[in-house]
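Dear colleague,

Please find the structure below, handed over for your own work.

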Amino acid sequence: MDMRTKRPVEDDRTEPAGTPVIAVTARSIPAAIYAAMRLVLARGRRIRTAYDRKDPDGNTIDSPSLDVSSVIEILDPYAQPRFPKSSCVEIGKYIAETCWGVKYHLVLDQENLKAALAAGTFDEAKETRWPYTYHQRLFAYPTSGGGRIDQVQRMLERLADDPTSRRATAITFVPEIDQYLRGDLPCLQRIALRCTEEKGGRLVLHMNTHWRSRDLFNAAADNIVAMTFWQREWADTLSKMLNRDVCVGRYKDFVDSLHIYGQVLDSVDVEKMVGRWNALPDEEQGYTSEEARDLLVIPDLEKLLAEDDQWRFPQHAKEKIVGEIERM
């Protein structure tokens, strides 16, 4: 064989193998989301996913997704408008579930779940309760022997003890559970908090989140709104712990697989929509917090309360939803 004809696989491609990395820095959440969409459309790698639909003969119906790895930096997560027009699908319900933990009662007993997974008797397809929620994994992380750790409290205590700490981190992944689940793995994997002291002694709380997978078109905007909702709440809590002002700082979002599904690309003119969104003036790129409150968040929360027959909320969860509506 003439070894001079043997070349690495990458040489036969227009680009090296794998997915590209995109980087976005923007002032607001809408501007960041729209810029990320533009880059995914321009640079995303076409990749098949486990969610691609098939016909009765087993032929794939959907086009491959567009996929990248990404870092998105938002300089001012509360810049207005704050809520992108691209998503905000039941954002009020998502905030209630993620940030307030109102569906914690639907999470399976973690020790029983571990045992069933280890024995191979857990049937994800038939189970109606959930292996986890983000709120449960962060505020009541399940340890061996049935223990629980409030990771959020520990993060804030570290920063209260030493605002320069780089150790204020929390994880969602539980290997004894998640390594055995086939479908429903946490997308959010890790949160890191850090403070900087700015001019005049102002303390600023920054937030990094790390994700294994994100649906950019349908979910990422809602994820970021919820994460930065936490960022503000935690800044307020830290302010009380330190007895000094703590402001919301930068939000950085790292994703292993940021994608737009082929089913979306086949059914919607995404390129046209993204072009229109990116061309909007800053003040028209989304809903302000007040607009979103009245148009999206409060109506979603009222719908959630009306679904009590489905979710069977404990009394404290209903009181939390009602209290937040009144506060808003």
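**Pockets**

β9 makes the greatest contribution to the lining of the largest pocket, with 5 residues. The model is predicted: local features need pLDDT of at least 70 and side-chain atom pairs count only at pLDDT 80 or more, while totals for chains, interfaces and linings use all residues. Residues are numbered from 1 along each chain as its sequence is written, and side-chain values use heavy atoms, with hydrogens and water left out.

The largest pocket holds about 900 Å³ of space. A pocket here is an open set of points on a 1 Å grid over the protein atoms alone, where a 1.4 Å probe fits, with protein on both sides within 12 Å along at least five of seven lines; lining residues have an atom within 4 Å of a point. Grid points are joined across faces, edges and corners, and a volume is the space filled by probe spheres set on the points. The lining of the largest pocket comprises 30 residues, of which Tyr132, Tyr134, Asp184, Leu185 and Cys187 are the closest to the centre. Two or more lining residues come from each of α2 (91-98), α4 (134-139), β9 (203-215), α7 (220-242) and β10 (246-260). These elements are DSSP runs numbered from the N terminus, with helices (H or I) of at least four residues and strands (E) of at least two. By class, the lining of the largest pocket has 12 nonpolar, 10 polar and 8 charged residues. For this count Ala, Val, Leu, Ile, Met, Phe, Trp, Tyr, Cys and Pro are nonpolar, Asp, Glu, Lys and Arg are charged, and the others, Gly among them, are polar.

The second largest pocket has a volume of about 270 Å³. Residues that line the second largest pocket include Tyr78, Phe83, Ile95, Phe229, Arg232 and Met328. α10 (289-306) supplies the largest share of this lining, 4 residues, and the lining as a whole divides into 6 nonpolar, 1 polar and 5 charged residues.

The largest nonpolar core has 77 residues, and Ile33, Ile191, Leu193, Leu205, Leu216, Trp230 and Trp234 touch the most other members. α7 gives the most to this core, with 11 residues. A nonpolar core is a set of buried Ala, Val, Leu, Ile, Met, Phe, Trp, Tyr and Cys residues joined through side-chain atoms within 4.5 Å. Buried means under 20% relative accessible area, exposed over 50%, and partly exposed in between (1.4 Å probe, protein chains only). Not counting residues up to four places away in sequence, tryptophan 234 touches Phe139, Val152, Met155, Leu156, Ile191, Leu193, Leu205 and Met207, where contact means heavy atoms within 4.5 Å.

In α2, 7 of the 8 residues are buried. The cover over these buried residues includes β4 (83-84), α4, α7 and α10. Asparagine 223 lies in helix α7 and is buried, at 8% relative accessibility. Leaving aside neighbours within four places in sequence, asparagine 223 is in contact with Tyr94, Trp211 and Arg214.

**Salt bridges**

The whole structure contains 16 salt bridges, each being a side-chain nitrogen of Lys or Arg within 4 Å of a carboxyl oxygen of Asp or Glu. One of them joins aspartate 62 to arginine 53 (2.7 Å, N to O). Aspartate 62 is buried, at 3% relative accessibility, whereas arginine 53 is partly exposed, at 41%. Glutamate 90 pairs with lysine 93, with the closest N and O atoms 3.1 Å apart; lysine 93 is buried, with a relative accessible area of 10%. Lysine 318 and aspartate 308 form a further salt bridge, with 3.4 Å between the closest N and O atoms. Salt bridges that share partners also join Glu90, Lys93 and Glu307 into one network.

**Backbone geometry**

Most residues other than glycine have a negative phi, and most peptide bonds are trans. The peptide bond from glutamine 80 to proline 81 is cis, with omega near 0 degrees, and proline 81 lies in the loop between β3 (65-74) and β4. Asparagine 243 has a positive phi of about 60 degrees; asparagine 243 sits in the loop between α7 and β10 and is exposed, with a relative accessible area of 72%. Arginine 312, in the loop between α11 and α12, has a positive phi of about 50 degrees.

With kind regards
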